[in-house]
Amino acid sequence: MLVRPCRVALAALFATVSLMVESGLAAPADPGLKLNQIQIVGTAESYKLAPSPEMLSLIRMGGKKDAQALDFGQPPIAAQLDAGARALSFDIVYDPQGGLFKNPAGASMADELLDKDYVTAMSQPGFKVIHVPDVDFKSTCLTLQACLGQVSAWSGAHPAHIPIVIILHCTDSRTPIPGATAPKPFDAAAADALDAEIRAGFAPGRIITPDQVKGTHASLKEAVQAGAWPALRTARGKVIFVLNDDASQAALYSAAGGRPMFAASDEASPNAGFIAIDDPVRDAARIAADVRDGFIIFTRADAETTEARAGDTRRRDQAFDSGAQIILTDFLLPDKKIGAYQVSIADRRHARCDVRNADCAAWDAAGQRTATAR
């Protein structure tokens, strides 16, 4: 008769300890902040493995810079989350029948043998996770279903985590090499199939959706400008999906109601909630204004390994200073082959208060010290 009460007590204890581990605190961790009032770091190609030496030699024939831009990889998804990543990005391709990408043209040109697990995964129906089809195709998780499964497992083991933003980009253009695969277009059928994979990976109560934020407002834009983002305290343990594609694909996706994903758009769209602004140096003023207006911005601290190879932190530092809430990088951890460059938040809560749109005194006091970026 004591089994059930003990289980309840243990579950409560586990949740409390998980919160303390995530926040580093025994007191409430989120003093008055909303989802759009913190800054987090995420990985820009969360799934990517470095190409093989044979493939790099082939890529290098097109230029040294092209090879350098692709010569990096990421640790497994769980390791990134353990290291503080709270945003993940996946480049996906639509493959409803399976098998479309199982014979990459670049592998044949480079005489690279394909792993049996690769062929098996690519033969399955569903979205595949590939950086550059036919060329840069090695991933720690080859299908979107597998990637989301890893995120879900980590989330379930850390139920008090700061919300994880999952950014998806659907590639439907052909890589310009001989024999390359022609991806299927991201059309209405693809959008519905993508929704189905998201919902298969996460129960409704674990996803923060556009309709939840919109509420009774006339548009999502009106809602976020009115401060309708959820409180960080109530958003813990959940995920947020964002489609980051061109305007036509975003409009196609958002045309149907009840979607589980936000669609990144510009400030003029009634569906504006998340906005992608890649260059925090050139567009610093725009980012700061958008943050003040209630939007959530994601930007890049580095790209194509350029800043990492040069040890140049100016773009990284400007990304944080701009107030953008999501800072994406290829170097959450340093790459020993490249140098000491990395992008992280030196706070055990894996976030810092956004000084552009919040009073951070209580957050900083709760954390015993001000969070800093490095």
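This is a predicted model: local features need pLDDT of at least 70, side-chain atom pairs count only at pLDDT 80 or more; totals for chains, interfaces and linings use all residues.

Modeller: Residues are numbered from 1 along each chain as its sequence is written, and side-chain values use heavy atoms, with hydrogens and water left out.

Biologist: Why is the pair of Asp136 and Lys48 called a salt bridge?

Modeller: A salt bridge is a side-chain nitrogen of Lys or Arg within 4 Å of a carboxyl oxygen of Asp or Glu. The closest N and O atoms of Asp136 and Lys48 are 2.7 Å apart, so the pair is a salt bridge. By this rule, the count comes to 14 salt bridges.

Biologist: What makes Arg300 and Asp330 a salt bridge?

Modeller: Their closest N and O atoms are 3.2 Å apart, which is within 4 Å, and therefore the pair qualifies.

Biologist: How do you know whether Arg300 is buried or exposed?

Modeller: Buried means under 20% relative accessible area, exposed means over 50%, and partly exposed lies in between (1.4 Å probe, protein chains only). Arg300 has 14% relative accessibility, so Arg300 counts as buried. Asp330, at 3%, counts as buried too.

Biologist: Why is the link between Cys141 and Cys147 called a disulfide?

Modeller: A disulfide is a pair of cysteine sulfur atoms within 2.5 Å. The sulfur atoms of Cys141 and Cys147 are 2.0 Å apart, so the pair meets the definition. The link is right-handed, with 100° about the S-S bond. Cys141 is buried, with a relative accessible area of 1%, and Cys147 counts as buried at 0%.

Biologist: What makes the disulfide of Cys353 and Cys360 left-handed?

Modeller: The torsion about the S-S bond is about -80°, so this disulfide is left-handed. The sulfur atoms of Cys353 and Cys360 are 2.1 Å apart. A search of the whole structure finds two disulfides.

Biologist: Why is Cys170 called buried?

Modeller: Cys170 has a relative accessible area of 1%, and therefore Cys170 is buried.
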